[in-house]
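The sequence and the structure are shown first.

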Amino acid sequence: IPENRLVLLVDVPRESTGYNSNRMVYVRQPLTQEAFTRSVWVDTPARMLGPLLTTHLQQSGLFRAVIQAPSGAQADLRLNTTIVRLQQDFLQLPSRVHVEWQMSLLNNPKREVLAWHRIHVVRLAPSDDAAGGAQAANAATQEALRQATVFLQSALLTLPTPIPKD
């Protein structure tokens with residue numbers, strides 16, 4: 001099966017502890033997370049990431065279809081993503097934003113892991129405040145989406161054909 005004949009289900013992204021709210025997280029001291037008091041994300045990072053991943057991967061042309069979970073549609077592959085880190089780091093100035101994801105590609109019918117990858121992107125903030133952090137987070141997320149596409153493109157080259165269904 002050519003890779004662009006496969007259907008990918010993008011699972012609802014999960015988040016590591018501390019990133020399961022719409023609070024914008026930052027670090028001023030090692031191992032201590034804080035949140036801005038007057039600045040928040042529009043939604044939780046995981047709920048914002050799901051549609052972004054789905055749209056980006058649909059536009060990549062790697063798959064016949066990319067669907068977002070939950071869905072009753074049949075899919076050959078499933079992409080699980082966990083937000084490991086999304087924080088503005090003030091330990092050095094100018095501040096920088098870390099976007100880190102853990103991704104795994106599964107044979108959907110068998111629930112077997114086919115490939116695993118960790119993405120970590122750092123971008124300098126244009127200003128040392130929440131607005132600058134948001135701009136850096138957007139830039140880092142765009143780069144992380146690009147790296148996710150490269151990971152999936154590479155993983156597809158190693159898949160058995162056809163993908164075992166049972």
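## Terms and basis

Two strands are said to pair if DSSP finds at least two bridges between them. Helices (H or I, at least four residues) and strands (E, at least two) are DSSP runs, numbered from the N terminus.

The model is predicted, so that local features need pLDDT of at least 70 and side-chain atom pairs count only at pLDDT 80 or more, whereas totals for chains, interfaces and linings use all residues. Residues are numbered from 1 along each chain as its sequence is written, and side-chain values use heavy atoms, with hydrogens and water left out.

## Overall architecture

The protein chain contains two helices and eight strands, arranged along the sequence as β-β-β-β-α-β-β-β-β-α. Its C-alpha atoms fill a box of roughly 50 × 25 × 25 Å along the principal axes.

Of the 166 residues, 48% count as buried (under 20% relative accessible area; exposed is over 50% and partly exposed in between, with a 1.4 Å probe and protein chains only). Among contacts (heavy atoms within 4.5 Å) with a separation of 6 or more, 66% are between residues 24 or more positions apart.

## Pairing of strand β3

Strand β3 (residues 23-29) pairs with two strands, β4 and β6. With β4 (residues 32-40) the sense is antiparallel, over five bridges, and A35 is the bridge partner of V25. Two residues separate the strands of this hairpin, in which L31 takes a positive phi near 65 degrees.

With β6 (residues 77-89) the sense is parallel, over two bridges. Here Y26 stands opposite Q88.

## Two buried residues

D89 also lies in β6. D89 is buried yet has no salt bridge, and R96, the nearest side chain of opposite charge, is 5.3 Å away. The D89 side chain reaches the backbone nitrogen of L91 at 2.7 Å. Beyond its neighbours within four places in sequence, D89 is in contact with V27, S95, R96 and H98.

T54, in helix α1 (residues 45-60), is buried at a relative accessible area of 6%. Leaving aside neighbours within four places in sequence, T54 is in contact with V10, V66, I67 and Q68.

Strands β7 (residues 96-107) and β8 (residues 112-124) run antiparallel and are joined by twelve bridges. R96 has L124 as its bridge partner in β8. Four residues lie between the two strands, and R111 in the turn has a positive phi of about 60 degrees.

The structure holds six salt bridges, each a side-chain nitrogen of Lys or Arg within 4 Å of a carboxyl oxygen of Asp or Glu. One of them joins R28 and E34 at 2.6 Å, N to O. Another joins R85 and E100, whose closest N and O atoms are 3.4 Å apart. This pair links distant parts of the chain, with R85 in β6 and E100 in β7, 15 residues apart. E100 counts as buried at 10% relative accessibility.

E100 also forms a salt bridge with R118, at 2.8 Å between the closest N and O atoms. Because R118 lies in β8 and E100 in β7, the pair ties together parts 18 residues apart in sequence. R118 is partly exposed, with a relative accessible area of 37%.

How values were computed: Lys, Arg positive; Asp, Glu negative; His and termini not counted. Polar contact = N/O pair within 3.5 Å; in protein donor to acceptor, adjacent residues only side chain to side chain.
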